[in-house]
Amino acid sequence: MTTPASDKAGILIVDDMEENLIALEAVLGPLDQQLVRAHSGEEALKAMLRQDFAVVLLDVLMPGMDGFETAANIKRLDQTKDVPIILLTGTDADSDYAYRGYAIGAADFLTKPFDPWLLRTKVNVFLELHRKNRQLEAQAQQLRRRLIGDRVTPSEDRFVTIAEQLASTEMLLRGASAPEAAELADRVSELERAVEGLRTEARP
């Protein structure tokens with residue numbers, strides 16, 4: 001089934017070599033998501049400021065701004081710091097490349113030539129995480145509208161602020177990989193419901 005254009009997540013592929021971009025497009029094509037090219041670190045940063053991406057596939061060895069510097073700049077910006085990065089490099093890479101990548105904040109590291117199935121699997125994990133985060137954001141907005149209603153009185157405004165903070169906390173927990181995060185997120189969700197109940201009781 002074809003994914004509607006509005007529901008497609010962006011995947012940014014960054015490599016200075018055209019043949020590598022073509023190969024990545026061929027491997028990721030079956031995922032039926034929006035693939036965006038960038039031929040340099042500078043192009044990648046501009047693309048990320050223009051639209052939202054679920055994941056970035058970033059070549060390490062590029063002229064000018066290399067992959068490490070590009071990844072560091074991505075993680076430095078508030079707008080892009082949470083986008084997962086998969087670093088790609090050749091078989092002749094230095095032994096410390098993986099360490100440097102993880103130290104910068106990269107989510108994963110693959111050596112070329114990589115297994116197409118493995119790459120699609122890894123990318124699909126981040127696509128699913130992106131979809132879940134979008135669902136949580138939509139739920140948080142619905143909660144806010146429900147709490148605000150048609151009118152917010154000064155006393156109700158405190159409940160709205162608390163509910164927004166709880167919803168934001170739940171979103172962060174749902175996206176975490178720690179085993180206890182899901183349980184904590186469920187508890188936060190219970191608090192959200194309790195706040196909504198208190199707001200209802202507080203209405204004149």
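1. A residue is called buried here if its relative accessible area is under 20%. By that criterion, buried residues make up 38% of the 204 residues in the protein chain. Please keep in mind throughout that this is a predicted model.

2. The protein chain holds seven helices and five strands, and from the N terminus on these elements follow one another as β-α-β-α-β-α-β-α-β-α-α-α. Among the contacts in the protein chain with a separation of 6 or more, 62% are made by residues 24 or more positions apart.

3. The five strands form an open sheet in the order E2-E1-E3-E4-E5, and their pairing is parallel. Strand E2 (34-38) and strand E5 (108-111) stand at the edges with a single partner strand each, so one side of E2 and one side of E5 have no neighbour in the sheet. On average, and with direction ignored, neighbouring strands of this sheet are turned by 20 degrees against each other.

4. Where do the two faces of strand E4 stand, buried or exposed? In a regular strand the side chains alternate between the two faces of the sheet. Ile85, Leu87 and Thr89 lie on one side of E4 and Ile86 and Leu88 on the other, and all of these are buried, which leaves both faces covered. Since five of the five residues of E4 (residues 85-89) are buried, the strand is largely enclosed by the rest of the structure.

5. Strand E3 (residues 55-59) pairs with E4 in the parallel sense, over four bridges. In this pairing, Val56 has Ile85 of E4 as its bridge partner, while Leu58 stands opposite Leu87 in E4. Helix H1 (residues 18-28) packs on the sheet, where it touches strand E1 (10-14), E2, E3 and E4, and the direction of H1 makes about 170 degrees with that of E2. Helix H3, for its part, lies across E3 and E4 and runs at about 175 degrees to E4.

6. Two packed helices are described by the angle between their axes and the distance between the axes. For helix H2 (residues 41-50) and helix H3 (residues 67-76), the packing angle is about 20 degrees and the axes are 9 Å apart. Angles under 35 degrees count as roughly parallel, and H2 is therefore roughly parallel to H3. The crossing of H2 and H3 is right-handed. In this contact, Gly41, Ala44, Leu45 and Met48 of H2 meet Thr70, Asn73 and Ile74 of H3. The residues of the contact of H2 with H3 comprise four nonpolar, three polar and no charged.

7. Helix H3 also packs with helix H4 (residues 97-104), and here the axes come within 9 Å and cross at roughly 15 degrees. H3 and H4 are therefore roughly parallel to each other, and H3 passes H4 in a right-handed crossing. Phe68, Ala71, Ala72 and Lys75 in H3 meet Tyr97, Arg100, Gly101 and Ile104 in H4. The contact of H3 with H4 divides into five nonpolar residues, one polar and two charged.

Conventions: Residues numbered from 1 in each chain as written. Predicted model: local features only at pLDDT ≥ 70, side-chain atom pairs only at ≥ 80, totals over all residues. Heavy atoms only, no water. Axes fitted to C-alpha atoms, helices over the stretch in contact; angles between N-to-C directions. Parallel < 35°, antiparallel > 145°, perpendicular 65-115°, else oblique. Left-handed = near helix turned anticlockwise from the far one by under 90°. Contact = heavy atoms within 4.5 Å. Nonpolar A, V, L, I, M, F, W, Y, C, P; charged D, E, K, R; others polar. Buried < 20%, exposed > 50% of the residue type's maximum accessible area, 1.4 Å probe, protein only. Pairing = 2+ DSSP bridges.
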